[in-house]
Amino acid sequence: MTDQVENNEVQQPDPLDSFILKFEFPVAAVNAILQVLGNAPYVASAPLINMIQAQGEPQFKAALEAEANKAAE
């Protein structure tokens, strides 16, 4: 698929657009990112918010369980 640009030239997609990057952020930083995205237009931010939530939820649950297990010891 190609994208049209303002001057009517056709721009080829970047081959690295589908490459997966992995980041590590503390929960406070993720919450700050989500807050910024929440202030952006829905159509632009919703897919990104959904990706962050889908990847973060299992990690967050695992961290809560680990903390609960530590407290129980």
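The model on screen is a predicted one.

Phe-25 is partly exposed, at a relative accessible area of 47%. How are the two rings arranged? A pair of aromatic rings is described by the distance of the centres and the angle of the planes. One aromatic pair is counted in this model. The ring centres of Phe-23 and Phe-25 lie 5.9 Å apart with the planes at 25 degrees, so this pair is stacked; the cut-off for stacking is under 30 degrees.

Now zoom out and colour by secondary structure. The protein has two strands and two helices, and the order along the sequence is β-β-α-α. Of the 73 residues in the protein, 5% are buried.

Next, select helix α1, residues 27-38, together with helix α2, residues 42-72. Their axes come within 10 Å and cross at roughly 160 degrees. That angle makes α1 roughly antiparallel to α2, because angles over 145 degrees count as such. The crossing of α1 past α2 is left-handed.

Finally, show side chains where the two helices touch. On α1, pick Val-27, Val-30, Ile-33, Leu-34, Leu-37 and Gly-38. On α2, the partners are Ser-45, Leu-48, Ile-49, Ile-52 and Phe-60. Which kinds of residue make up the contact of α1 with α2: nonpolar, polar or charged? Nine are nonpolar, two are polar and none is charged.

Definitions and conventions. Residues numbered from 1 in each chain as written. Predicted model: local features only at pLDDT ≥ 70, side-chain atom pairs only at ≥ 80, totals over all residues. Heavy atoms only, no water. Phe/Tyr/Trp six-rings, centres within 6.5 Å; stacked < 30°, edge-to-face > 60°. Buried < 20%, exposed > 50% of the residue type's maximum accessible area, 1.4 Å probe, protein only. Axes fitted to C-alpha atoms, helices over the stretch in contact; angles between N-to-C directions. Helix = DSSP H or I, 4+ residues; strand = E, 2+ residues; numbered from the N terminus. Parallel < 35°, antiparallel > 145°, perpendicular 65-115°, else oblique. Left-handed = near helix turned anticlockwise from the far one by under 90°. Contact = heavy atoms within 4.5 Å. Nonpolar A, V, L, I, M, F, W, Y, C, P; charged D, E, K, R; others polar.
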